[in-house]
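Please examine the sequence and the structure below before reading on. The paragraphs that follow lead from one chain to the other.

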Amino acid sequence: MSRKLNTDLLIILIAVPILWFAPSGLKSYGLYVVSLWLVMSIAAMGLNLTLGYAGLTSLAQGAFLGIGAYATAILTVKAGWPLPAAFLVSTGLSFLVGVVLGFPALRVKHHYLAFVTLAFSVVVFLVARNEQWLTGGVYGLANIPRPVLFGTDLGGGLAFYRTVLVVTLALTLVMWWLLHSPWGRAFQALRENPLRAASLGVDIRAYTLLAFAIGSAFGGAAGSLYAPLVEFIDPAPFALSASFVLLLTVVAGGAGSFFGPFVGAFFSYMLPELLRATGGWYLIIYAAVVLVLVMVSPTGLLGLIDRWRDHQSQRRAAAIRAAARPTLASADKPTLENQGAAP
Amino acid sequence: MTRVLEVNSVKKHFGGVKAVDGVSFHVDEGEILGLIGPNGCGKSTLFNCILGQLTPTEGTVTLDGKPITGLYPAQLNRLGVSRTFQLLQVFPNLSVRENLILAGQEHKGTMLQRLFGPRDAGLTVDADRMIAFFKLEHLADQKAGGLSYGQQKLLDAAMAFMAGPRLVLLDEPAGGVNLTMLENLKERLQAINRELGATFVVIEHNMDFVMSLCSRVVVMAEGKVLAEGTPAAVRANPAVIEAYLGH
């Protein structure tokens with residue numbers, strides 16, 4: 001356990017400086033693509049908590065991306081708020097809506113829950129398209145400002161990318177903290193066996209609502225960064241297909257694996273740009289990759305690594321077992337009190 | 001002697017089926033009570049009524065004199081009532097140690113304290129002591145799903161004891177466990193009963209296991225209590241022989 005914790009933090013420690021400096025030579029389009037990758041990784045991280053760790057199927061993450069993006073756009077464009085304040089309010093709003101959407105999850109599971117969240121996605125899309133007074137309808141909202149912090153303009157391609165990177169780092173650490181706390185363990189228990197979890201005192205209701213709310217808050221936070229990234233939003237990017245792609249992102253990266261969302265988002269949002277030269281072939285290549293992946297490793301790309309690691313630890317344990325067999329047979333009967341003295 | 005659990009004329013009807021039809025019994029502190037009877041006689045349904053998985057149609061259940069009828073399983077667990085299930089219920093993708101920490105963590109502080117407190121809820125030492133007690137040391141870091149059936153059964157039982165429960169209800173702990181493992185399990189249960197003063201109710205079909213473990217036995221048949229007494233008395237009871245044990 002503790003060894004794995006350190007590996008995660010080590011990867012973050014190595015990745016952040018690379019991601020800070022590597023894109024400095026990119027032109028504005030390249031910077032847009034890597035920024036988009038990070039933003040979508042945040043949204044996928046949220047869904048990974050809800051789906052991958054807590055086992056609650058959701059087809060609404062694209063809608064929360066939309067809620068975050070529209071809240072930020074409305075607050076900055078129409079109300080003139082600074083972006084950091086709009087970011088906090090958008091994230092908080094998504095958390096609250098997530099709590100409400102969590103209630104159906106107390107009653108239904110799996111594909112029935114997917115249908116409920118699918119309906120919610122459609123409602124959010126229709127509100128964005130039809131409530132023109134608020135959202136601008138199909139004309140959308142334009143001129144979403146990029147952030148200015150303490151008099152420093154963070155609006156340039158590289159400066160904004162680095163801002164996104166810092167926020168991504170902060171949210172990744174928050175997620176890491178959460179997943180390695182007793183809450184993370186309870187979320188996994190919820191996924192694996194809610195009946196047994198309840199019999200061990202786990203408050204299924206509270207953890208289900210929290211899993212939805214926190215996952216949605218990450219979706220909202222991503223949306224709040226998405227709006228200033230593209231500077232113009234309309235309902236199209238938050239349609240149902242966005243939720244499907246995010247679901248696919250989490251599954252392809254490895255549901256329930258910590259860095260799965262980043263790997264998955266690379267596949268879903270960066271690969272299309274890299275494969276642009278192949279023209280119409282991109283979707284076919286993407287579909288083929290996902291298909292092979294699901295057949296070879298249903299636990300996603302990073303699931304392959306986890307499986308290899310499990311295999312190794314089982315081999316180690318088998319070796320220890322073989323070596324320990326004679327002593328076990330002759331061991332005295334231990335009691336609860338004298339365990340400290342055991343070798 | 002203190003009365004830990006009292007079940008008063010509990011009924012559970014599913015439509016016209018009277019799964020449990022007016023069962024009363026009590027369990028004293030430190031006792032190991034056996035609950036036996038033919039398949040389908042309502043033992044597990046009764047367990048589920050006591051443990052909040054089902055709401056009784058009629059009747060009451062009290063824990064230390066306080067009514068607990070209709071409480072949720074998680075609430076009951078936090079009052080010190082713990083259980084194992086008939087079918088094995090461990091968390092396959094968590095390690096043995098993580099399974100045990102999970103089994104104790106919800107008893108430590110509030111939700112916020114758990115979020116910001118230590119990662120293991122301060123339970124690693126307790127978990128490792130429980131692992132050693134059930135002789136699972138060599139498997140502590142393995143995923144529970146990779147353990148043998150018997151080992152998972154031991155882990156399942158160990159999880160029920162992590163929070164230092166007052167009352168533990170075990171639903172067929174010996175089912176599918178080989179003889180060596182069975183001796184280990186029985187001896188561990190007796191040790192916990194002795195050392196922690198935990199009170200047990202055990203559903204079991206393995207009569208040797210019941211007779212050597214339990215101090216008192218309640219026999220159920222067709223949703224009702226058929227007989228009650230010491231293992232020897234119950235074994236000699238003609239009605240019990242007729243309905244369950246066979247000649």
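In chain B, strand E1 (residues 3-14) and strand E4 (residues 58-63) run antiparallel and are joined by five bridges. Strands (E, at least two residues) and helices (H or I, at least four) are DSSP runs, numbered from the N terminus; two strands pair if DSSP finds at least two bridges between them. One bridge links B:Val7 to B:Val61 in E4(B). Both strands belong to an open sheet of four strands in chain B, with the order E2-E1-E4-E5 and antiparallel pairing. Strand E2 (17-28) and strand E5 (66-67) of chain B each have a single partner strand, so one side of each lacks a neighbour in the sheet.

This is a predicted model, in which local features need pLDDT of at least 70 and side-chain atom pairs count only at pLDDT 80 or more, while totals for chains, interfaces and linings use all residues. Residues are numbered from 1 along each chain as its sequence is written, and chains are lettered from A and ligands numbered from 1 in the order in which they are written.

In chain A, helix H2 (residues 28-53) and helix H7 (residues 157-179) pack at an angle of about 15°, with their axes 9 Å apart. Axes are lines fitted to C-alpha atoms, for helices over the stretch in contact, and angles run from 0 to 180 degrees between N-to-C directions. H2(A) and H7(A) are therefore roughly parallel, a term for angles under 35 degrees.

Chains A and B also meet: the contact takes 33 residues from chain A and 38 residues from chain B, where residues are in contact if their C-beta atoms, placed from the backbone, lie within 7 Å.

Conventions
Parallel < 35°, antiparallel > 145°, perpendicular 65-115°, else oblique. Contact = placed C-beta atoms within 7 Å.
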